[in-house]
Amino acid sequence: MGLNKNKATNKEGGAALATDLNVVPLKNRIRPYLIVAPALLITIGILIPFGMAIYYSLTTYTFRRPIADFVWFRNWIRMFQAKDFWNAVWVTVRYAFWATLVEMLLGLGIAMLLGNTNNRFSRILRVALIFPLMVAPVIGTIIWQLMLSHGVGIIDKFLNLLGIYGMQWGASKKTAMLTVVMIDVWVNCPFVIILILAGIQSLPKSPFESAKIDGGSGWFNFMNLTLPMLKPSILIALLFRLMAALQEFGIIFSLTKGGPGDTLMSLSVTAYTTGYMYQKFSNALPYILVLWYIVNKCASFIVEKWRISQYQAAGKDVEVEKKQRFWHKFIKSKDAGSAAKGA
Amino acid sequence: MKKLFAMVLVLVMALAMVAGASAEVNWKEFEGTKLQVMLNQHNYQKAVTDYGKLEEFEALTGIDVEYSVTPEENYFDKLNIGLAARNGDPDIFMTGAYQVWDYASAGYMEPLEDYINDPAKTEASYNFDDFYAGVVGTLCWDCIAGHPVGEGSQYAIPMGYELNNIAYNWKYFEENGIALPEDTDQLLELSKSLNGWNGEGSYGIAVRGTRNWATIHPGYMTLFSTWGGKDFEVEDGRLVCKLDSEEAIAMTDYWVKLVVEGSSPQWATFTWYEAGSHLGAGVAALLYDATCNGYFQNYPAGASAESGNLGWFPGVVPAGSGLTAADIKSNVWVWSLGMNSYSDNKGGAWLFLQYFTSPEFMLFSGTEAACADSPRASVAESEAYKSIVGASYGYLEALEVLLPNATIQFTPQPYFFETTTTWAATLQDLVEEYRTTGACDTAAAMKALKAELDIAVEDIVCE
């Protein structure tokens with residue numbers, strides 16, 4: 001009887017122990033949520049204004065008359081019909097293309113020079129090159145405006161010495177794009193240099209030493225070793241600069257306000273002018289959303305290229321990796337399908 | 001009983017009258033409260049913030065004032081956002097008359113007549129009638145598009161006004177025996193001949209040129225109106241753009257030539273600041289802009305390289321028109337203080353507004369803070385003011401000629417910024433075309449502009 005009683009007690013104790021083991025403490029249960037919470041909050045913080053922007057782009061909301069009558073796609077249709085819109089897209093693309101191209105080429109060239117030399121001059125230059133990055137783009141533009149100013153600017157005076165007079169810079173349709181791109185390059189090229197220079201300094205030395213022993217030329221080393229291994233750093237720099245150049249507002253607006261005429265009326269400048277100067281907020285939002293779409297597509301494309309370049313830099317076979325990813329996705333979707341059927 | 005009632009009534013009325021007569025402004029009524037003030041970078045702003053007057057106001061009222069100062073080119077964009085938020089910040093802001101058409105019709109601006117006429121809120125010495133009627137009237141509107149200013153509620157109080165005329169390097173003209181131009185042909189020829197007057201890079205005439213409404217309203221609009229041009233007219237209760245009229249085309253054609261042949265090659269990036277500073281730096285020989293833009297370069301001594309050397313004349317009339325300087329229709333700009341209708345400290349805001357537009361403050365700003373063009377007759381006619389402003393060669397004389405015909409030359413309407421900025425963009429296109437090809441099709445451009453602006457204002461009903 002007593003034995004039986006003991007047996008029964010052991011059985012109950014075992015069940016209780018099993019139950020205790022299954023109970024996950026509260027702090028462990030909420031930990032995943034706490035870890036995800038900041039990211040979730042930020043995502044919500046981004047998604048709410050984004051959703052509101054889409055909503056208000058379908059209404060008549062203006063700052064002057066804050067009533068949001070729903071008009072469906074009227075603002076969008078008007079935008080696509082307006083020649084201003086296509087001009088704005090063209091200006092945005094051209095600006096982003098030239099600014100990014102020059103910054104990448106110049107940044108790569110200067111980074112290569114600085115990466116391969118280590119004397120007092122290059123050390124001073126590495127520090128000095130960071131200075132423009134410390135200047136806000138609008139302040140940088142004002143500095144350039146003063147330097148280029150007709151009759152009083154230092155660059156204008158210097159050009160006068162060379163026999164060049166009356167340069168119009170931002171005041172002419174022919175040179176306005178060149179001028180804003182030039183200022184953008186001055187402000188942002190150091191960012192590209194720093195990123196690529198960091199990439200150069202982290203390159204392994206052994207492949208270069210082997211190439212040297214094999215008698216590889218400088219150009220051969222650059223094309224076959226440096227560039228492929230630097231590709232991830234280059235693509236990261238390209239990603240940041242292209243995204244920022246597509247959205248550029250400060251330099252263009254503070255120098256020319258989008259002029260002369262509509263020469264520099266990019267998507268962001270047109271949206272600002274329509275939304276804040278004319279107070280037609282719902283008319284401005286489609287411009288911003290189109291800009292978001294363009295930036296998003298460009299960024300996704302570069303991120304994909306960057307991912308591939310990382311595999312290549314690590315010596316992995318991209319094709320094999322692609323196939324693996326494909327089968328992984330395929331199996332996952334099959335599992336999900338059979339689980340759904342089972343349910 | 002009737003007698004008793006009558007006696008009580010008389011007694012009550014007498015008490016009320018005594019109370020009314022003795023109503024005084026309690027400057028401490030809003031002690032401990034806070035005011036947000038938004039100011040445009042200007043001498044009028046400096047008079048408020050840089051000479052200790054703000055501290056005096058804070059000591060007098062016990063109100064804590066926080067203020068921001070923004071350059072003119074971005075000031076109104078910032079103000080637009082602040083007012084559109086409808087949260088009462090700023091309580092007080094600097095504004096121009098054109099902005100009243102936008103802000104008042106949107107319900108952002110507090111009508112001020114109830115404050116002005118209430119002896120418990122406004123000192124008797126404030127003397128509102130002391131303001132020039134033509135100046136203070138530009139800030140008065142009935143909020144109906146197409147209706148002229150001067151009727152309706154008073155939405156702001158002037159800090160100073162600006163007419164538009166021509167400032168020039170008087171010393172250089174005198175030394176070289178150059179006669180002042182009287183008509184547009186003479187001005188064009190003179191401007192061309194003055195290119196290089198002070199060395200390489202110097203040029204004839206400075207005017208504003210950015211892709212902004214501010215390019216149109218000073219010299220351009222003054223000459224445009226004198227030429228007989230109109231921006232809009234009301235037809236069948238709707239606004240109809242008149243920028244394709246013969247006068248508008250001829251004047252714009254002339255202006256394009258003046259810019260290309262006699263102004264800076266960087267005209268399209270010129271704001272108030274560039275235009276004025278080029279006159280002060282001795283780069284431009286003439287400036288067609290607001291009266292006080294050149295004044296700030298001339299006074300006080302040392303304000304610019306050419307301070308003390310600048311003079312003024314009323315401007316020019318269209319060649320062959322038979323008009324004289326007295327017929328010039330100068331466009332008016334009025335810097336003023338307005339109150340946010342969403343402010344939750346309107347009483348305190350009115351004290352601020354009253355203090356910084358009072359006769360005492362305006363005499364100070366006009367005589368000690370380089371604020372020319374006082375809107376108060378008592379200040380403008382005072383010997384102290386005349387002796388300072390009158391020392392600038394031809395300044396007061398030019399004002400005297402222009403004042404009778406000076407008014408806001410634009411048609412009041414709430415889309416002013418959009419229509420006038422589009423107008424400036426067209427002007428830039430024409431200048432570029434003329435500079436590049438040596439000719440431009442002004443008529444076609446103005447007709448296209450008219451069509452664009454007719455669409456822009458199509459939803460405005462003038463009733």
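Predicted model: local features only at pLDDT ≥ 70, side-chain atom pairs only at ≥ 80, totals over all residues.
Local features need pLDDT of at least 70 and side-chain atom pairs pLDDT 80 or more, while totals for chains, interfaces and linings use all residues. Residues are numbered from 1 along each chain as its sequence is written, and chains are lettered from A in the order in which they are written.

Chain B contains 20 helices and 13 strands, taken as DSSP runs numbered from the N terminus (helices: H or I, at least four residues; strands: E, at least two). The C-alpha trace spans about 90 × 55 × 40 Å along its principal axes. Of the 463 residues in chain B, 54% are buried (20 or more other C-beta atoms, placed from the backbone, within 10 Å of the residue's own).

Helices α10 (residues 219-226) and α11 (residues 246-262) of chain B pack at an angle of about 140°, with axes 9 Å apart. Axes are lines fitted to C-alpha atoms over the stretch in contact, and angles run from 0 to 180 degrees between N-to-C directions. Residues B:Y220, B:L223 and B:F224 of α10(B) meet B:A248, B:M251 and B:W255 of α11(B), where contact requires C-beta atoms, placed from the backbone, within 7 Å.

Between the chains, 29 residues of chain B are in contact with 28 residues of chain A. On the side of chain B that touches chain A, α4 (72-84) and α19 (416-437) each supply at least two residues. Helix α19(B) gives the most, with seven residues.

Definitions and conventions
Contact = placed C-beta atoms within 7 Å. Buried ≥ 20, exposed ≤ 12 C-beta atoms within 10 Å, placed from the backbone.
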